[in-house]
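Subject: Structure handover

Hello,

Here is the structure you were expecting, followed by notes on what turned up in it. Please keep it open while you read.

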Amino acid sequence: MLKDLVKANRSCRGYDRSRKVTREELLEMVDTARFTAAGVNQQPYKFYLIYEEEEAALMNTLVKFGANLPELGLPFPGTEPPAFILICHDAEVFENVERFRLDVGIMAQTITLAATEMGLIGCMIGNYNKDKVKEALGLDDRFTVELIISIGKNAEDIRLCDLEEGQSHKYYRDDNGVHWVPKRKLEDIVINK
C-alpha cells in the first residue's frame with residue numbers, strides 16, 4: 001500500500017484549476033508532517049499556507065517549473081497550481097539554517113504523500129528566489145523559505161518507466177504530452193548484489 005502511494009506521488013506541473021484546495025486540507029497535510037522525525041527534535045520549521053486565488057497567482061509568478069523542459073513554459077496557462085505550502089526555517093527556534101536541512105526533505109515527502117492520499121498531487125519546487133518570495137509575502141526576517149510545494153489536482157498524464165542503460169535520467173514528454181519519469185532499476189541501485 002505504501003509503495004503504491006509512493007508511485008502515485010509524482011511531481012506535477014499541470015493542475016486542474018476547477019478543484020480548489022482548502023485551508024483545512026493544507027492544515028491536514030502539515031499536521032501529518034509535524035509528526036515526522038526531526039533532528040534532535042528541534043523542529044525549527046514553520047509553514048506558510050497559500051490557498052486564496054490572489055496569493056496563489058502571486059506565488060505562480062515567483063516560482064519556475066520543469067527545469068528539464070524549459071521550452072514548454074510549464075505550467076501551461078490555466079493549469080497553474082491553486083495552492084502552495086512553504087516550509088520556512090524559523091531562526092528564533094534555532095539560528096543555524098544548515099543544521100536541519102535534512103528535515104525539510106522528510107517533511108516535504110510526508111506532505112506530498114498526504115496530498116496524494118487525499119487525491120491531490122504536489123511538486124517540490126526549489127527554483128525560486130528566496131528573498132523575492134519573502135518580500136512578496138511580507139515574511140519576518142527570522143524566516144528563511146527552504147522549500148515551496150505546489151498542491152492541487154493532477155491534470156497531467158505522468159508515468160514511471162525503467163531507466164535503461166544509456167538513457168538519460170531526465171524526465172521528458174512524448175509527442176502525446178505524456179510525462180515520463182525514468183527510474184533506476186532495483187538491480188542498478190543495490191550495491192551488494
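Predicted model: local features only at pLDDT ≥ 70, side-chain atom pairs only at ≥ 80, totals over all residues.

Helix packing

Two packed helices are described by the angle between their axes and the distance between the axes. Two such pairs are described here.

The crossing of H2 past H4 is right-handed. On the H2 side, the residues that meet H4 are Met 29, Thr 32 and Ala 33. On the H4 side they are Met 107, Thr 110, Ile 111, Ala 114 and Ala 115. By class, this contact of H2 with H4 holds 6 nonpolar residues and 2 polar ones, with no charged residue.

The second pair is H3, residues 53-62, with H5, residues 130-137. Here the axes are 10 Å apart and the packing angle is about 160°. H3 and H5 are therefore roughly antiparallel to each other. The crossing of H3 and H5 is right-handed. H3 contributes Glu 55, Leu 58, Met 59 and Leu 62 to the contact, and H5 contributes Lys 132, Val 133, Ala 136 and Leu 137. The contact of H3 with H5 divides into 6 nonpolar and 2 charged residues, with no polar ones.

A residue in H4

Ile 106 is located in helix H4. Ile 106 and Thr 36 are 70 residues apart in sequence, while their C-alpha atoms are separated by 7.1 Å. Setting aside neighbours within four places in sequence, Ile 106 is in contact with Thr 36 and Ala 37. The relative accessibility of Ile 106 is 32%, so Ile 106 counts as partly exposed.

The aromatic pair

How many aromatic pairs does a search of the whole structure find? The search finds 1. The pair is formed by Phe 94 and Phe 100, with 4.9 Å from centre to centre and 85° between the planes, and is edge-to-face.

Backbone points

The peptide bond that runs from Leu 74 to Pro 75 is cis, and its omega is near -5°. Pro 75 sits in the loop between H3 and strand S2, which spans 83-90.

Phi of Val 40 is near 45°, a positive value in a residue other than glycine. At 61% relative accessibility, over the 50% cut-off, Val 40 counts as exposed. Asn 41 also lies in the loop between H2 and S1. Its phi is positive, about 55°, although Asn 41 is not a glycine. With a relative accessibility of 52%, Asn 41 counts as exposed.

Regards

Key. Residues numbered from 1 in each chain as written. Heavy atoms only, no water. Left-handed = near helix turned anticlockwise from the far one by under 90°. Helix = DSSP H or I, 4+ residues; strand = E, 2+ residues; numbered from the N terminus. Contact = heavy atoms within 4.5 Å. Nonpolar A, V, L, I, M, F, W, Y, C, P; charged D, E, K, R; others polar. Axes fitted to C-alpha atoms, helices over the stretch in contact; angles between N-to-C directions. Parallel < 35°, antiparallel > 145°, perpendicular 65-115°, else oblique. Buried < 20%, exposed > 50% of the residue type's maximum accessible area, 1.4 Å probe, protein only. Phe/Tyr/Trp six-rings, centres within 6.5 Å; stacked < 30°, edge-to-face > 60°.
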